[in-house]
Protein chains: 2
Amino acid sequence: MHALSTDLYQLTMAAGYFHREMTARSATCEMFVRRLPEARRYLIAMGIEAVVRYLLELRFDNEDIAYLKTVPSLADAMTPGFVDYLHAFRFTGDIDAVPEGTPLFENEPFVRVRAPLIEAQAVETHLLSLINHQSMIASKAARIVVAAEGATAVEFGTRRTHPDAAIDAARAAYAVGFAATSNVEAGRRHGIPVTGTAAHMWTMAHASEEEAFAGYAETFPNATILLIDTYDTDRGARRAAHAARERLKGVRIDSGDLDQSSRSVRAILDEMGRTETRIVVSGDLNEHSIAALRKAKAPIDTFGIGTELVASVDAPALGGVYKLVALDDGAEHRDIAKFSMGKATFPGAHQIHRVSRGDMAVRDVLSLSDEGAPVLERGETSAPLLVPFMRDGKRTRPADDLAAIRARAKQGLASLPAILRDLGPKSHDTRFRVEPSPALEALMERVRREVAA
Amino acid sequence: MHALSTDLYQLTMAAGYFHREMTARSATCEMFVRRLPEARRYLIAMGIEAVVRYLLELRFDNEDIAYLKTVPSLADAMTPGFVDYLHAFRFTGDIDAVPEGTPLFENEPFVRVRAPLIEAQAVETHLLSLINHQSMIASKAARIVVAAEGATAVEFGTRRTHPDAAIDAARAAYAVGFAATSNVEAGRRHGIPVTGTAAHMWTMAHASEEEAFAGYAETFPNATILLIDTYDTDRGARRAAHAARERLKGVRIDSGDLDQSSRSVRAILDEMGRTETRIVVSGDLNEHSIAALRKAKAPIDTFGIGTELVASVDAPALGGVYKLVALDDGAEHRDIAKFSMGKATFPGAHQIHRVSRGDMAVRDVLSLSDEGAPVLERGETSAPLLVPFMRDGKRTRPADDLAAIRARAKQGLASLPAILRDLGPKSHDTRFRVEPSPALEALMERVRREVAA
């Protein structure tokens, strides 16, 4: 069902390789981000599980092929031979990737694809869509989780993004440490806890706030979280405590000065004996406003985050690219790079070695994939980040469950130098050290000379 | 298939209304944007066709209901009676909306829903997702179309957003005047022309640029658009003209100084007799860079726009909200408004009357839906913008085809005061006049007094 969810040129080039009899060649491509967005000191890899499912299921059915024959610029190339090729198409390549939840930096491959040239080309766009979108959300979510440290973050953004993007956003947020989502389908599909409170409309649909609150508590005796800011927040807090009594699990405040109102509401609730009632806040929150509320010790238990998360407002697109890095044609192996200004790429297939001291990451070494571990200093350890996900088109690594990804993200975030977890603008100091291995540097030099020749 | 693609609280409140026996009430809700994003002087309505399809198809199937029984905060409310209600659920309400492609302003309803309270509540989130996302893209696309005026804009953004969001983005862009998309599925689903060129990988997969270009021209004799900036753009232009000759429909430049390189490439192509060959440019383009290239009279025929369009980078979320504005309970009719700071809403069901002089829009009057046309000055005409789309759950207006929406958007954009089509930051002068009718003002005053009482 996803075969046509791609750029046309992937299919025209696939046809071109077919007609030029370049099908025997094996290509290695890597997906990476050239430069981190200005507002990001690290990225969190996310989306590879969706990519593997896409690659396992990718087929061109009769309807797809019938449509492709009608596309003017492709029609000439839709010969019986190429149609047969599309009918029989399966992804038969190898995938190595960084498991979801891992922090990554610029020029580091999220995914490496080694496959027959046509296949490696054909899957580019959909793979980029999935990883760019999910990693964008995960990277934003991680900042919010760090800012909320000790309090709970829940995902409330469905209405502010495409309905299907919202489901992936909920998963990405949960995967890096959000506690729950309001998106029911995300809950069903991915086993994420779903949560919610009452809304303004509930209150406004009743003749009075008192009646609205009492009615809610009666219907949901075990899940009474009331929205108290429809008219006056303090009065709302009193009415909620009065109407729901010991059933009052929580109250939500969605407007105004959240620092001031959370303190005032906490005092009212405590005074009325509702010391266990939790305070939820929402309304255009991001990592900066959350950090400020935490720093001020506002008595807030749960932050509901919507727009800022699902649109990643301060970095609303991740510019991941997918580049050919090597080509094999039976006898000949070519390592490939681009040296255009601002768009240079590293030749060859790569591995990332994360070097740590104790629990703390200290630098990454970007090496060639067939090199061993880097030379370490005393006290350092290293681990390769890219691991096999598929071989010959088959999954070789079981899908991670979300609990495993959450644990990996938690550990990965904790391992970053403290300055990287800071939320301010970037500077020279906030850059994680990523160095090419000596063998990669030598290869770069050799390819640069060849291209110049 | 979309029933659970919503916020949990819509379903808990639906259950609440059911158990509180509030099902007989009829609610009127409106979706609107409170404030235009800083970088927008107008919005373009988009998404209502998807909303109508969603409302026509909305069902809760056995699997949906089985899952809902497992959600802790909803479980208490999933009584046999409510389960029966969900099984039988159909949207039975009325929809009035502004047809797609229409320019809109702040506080103006995109959609009005009048339905039994549960239904009006249950559809909120999905309706907002669809209209917020599609209108965000359409509003950005309109600025790009205005900037490109006289040249062609094509949509290339799939890789920089969620794969399904990309399909809707391609439709929204085409609906306001883009000429084509690279997204094949969007082409199939919506009948949009699909387009593409060669890619860097095509060139790099061949032993030389000459071989890559000659091979492409041979395989696609009627659709040869070559990407010429892999190594050196001028040299690439010469090689393309030489290899493809009269087959060379176009060349694409994806990097560097597009003003300078397009001139240089145009001169080379002309000198080699390829005066008909079109120049396509791409690479992080937006309305500002396009306007600058147009102003400089760079010889560019087609602009390919990706990231900036699909992520609407300068306004990456549209904050459309959905508010209860009236409630009927058989005997009693209540007009409803919120007066919270910064979140005030207009009570009652509304109509927008667009007032024009000749072909130019001069102001909008936001009136009550049961008022007639506004009082006009001499030489003015007016037309209501909200029209019926559904009655009693059935479609009453045939779906617009994209050609009709394109014509409407074109006419709508042309009718805006020139200062609104300008791309700079907003000021007092750039605000389109939207005035409440005297009857709406009187109602606001009355409801304000009631709430204060």
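Tutor: Setting aside neighbours within four places in sequence, B:V281 is in contact with B:R252, B:I253, B:L258, B:S262, B:I300, B:F303 and B:G304. Contact here requires C-beta atoms, placed from the backbone, within 7 Å of each other. This is a predicted model, in which local features need pLDDT of at least 70 and side-chain atom pairs count only at pLDDT 80 or more, while totals for chains, interfaces and linings use all residues. Residues are numbered from 1 along each chain as its sequence is written, and chains are lettered from A and ligands numbered from 1 in the order in which they are written.

B:V281 belongs to strand β10 (residues 278-282) of chain B; helices (H or I, at least four residues) and strands (E, at least two) are DSSP runs numbered from the N terminus. Because 28 other C-beta atoms lie within 10 Å, B:V281 counts as buried. B:M360 lies 79 residues from B:V281 in sequence, with 33 Å between their C-alpha atoms.

B:A223 sits in the loop between α11 (209-219) and β8 (224-227) of chain B. Not counting residues up to four places away in sequence, B:A223 touches B:K249 and, from the other chain, A:P72 and A:S73. B:T195 is 28 residues from B:A223 along the chain, and their C-alpha atoms are separated by 9.5 Å.

Helix packing can be followed through α7 in both chains. In chain B, the axes of α7 (residues 124-148) and α8 (residues 163-175) come within 8 Å and cross at roughly 45°. The axes are lines fitted to C-alpha atoms, for helices over the stretch in contact, and the angles run from 0 to 180 degrees between N-to-C directions. α7(B) and α8(B) are therefore oblique to each other: angles under 35 degrees count as roughly parallel, over 145 as roughly antiparallel, 65 to 115 as roughly perpendicular and the rest as oblique. The crossing of α7(B) and α8(B) is right-handed, the near helix being turned clockwise from the far one by less than a right angle (left-handed if anticlockwise). From α7(B), B:H133, B:Q134, B:I137, B:A138 and B:A141 meet B:A165, B:D168, B:A169, B:A172, B:A173 and B:A175 in α8(B). By class, this contact has 8 nonpolar, 2 polar and 1 charged residues. Ala, Val, Leu, Ile, Met, Phe, Trp, Tyr, Cys and Pro count as nonpolar, Asp, Glu, Lys and Arg as charged, and the others, Gly among them, as polar.

In chain A, the axes of α7(A) and α14 (residues 287-295) come within 8 Å and cross at roughly 5°. That makes α7(A) roughly parallel to α14(A). A:R143, A:I144, A:A147 and A:A148 in α7(A) meet A:E287, A:I290, A:A291 and A:R294 in α14(A), a contact of 5 nonpolar, no polar and 3 charged residues.

α7 of chain A also packs against the buried residues of α2(A), as do β3 (94-97), β5 (111-116), β17 (387-391) and β18 (394-395). Those buried residues are A:I48, A:E49, A:A50, A:V51, A:V52, A:Y54 and A:L55. They are 7 of the 10 residues of α2 (residues 48-57), so the helix is largely enclosed by the rest of the structure.

At the next level, chain A is divided into domain 1 (8-137 + 327-452) and domain 2 (139-310), with bounds from an automatic or database domain assignment. The centres of these two domains, taken over C-alpha atoms, are separated by 38 Å. Between them, 19 residues of domain 1 are in contact with 23 residues of domain 2. On the domain 1 side, β2 (43-44), α7 (124-148) and α16 (402-415) of chain A each supply at least two residues, and α16(A) gives the most, with 6 residues.

Between the chains, the contact takes 83 residues from chain A and 83 residues from chain B. On the chain A side, the largest share, 8 residues, comes from helix α1 (residues 8-19). The residues of that side divide into 39 nonpolar, 32 polar and 12 charged.

Terms used
Contact = placed C-beta atoms within 7 Å. Buried ≥ 20, exposed ≤ 12 C-beta atoms within 10 Å, placed from the backbone.
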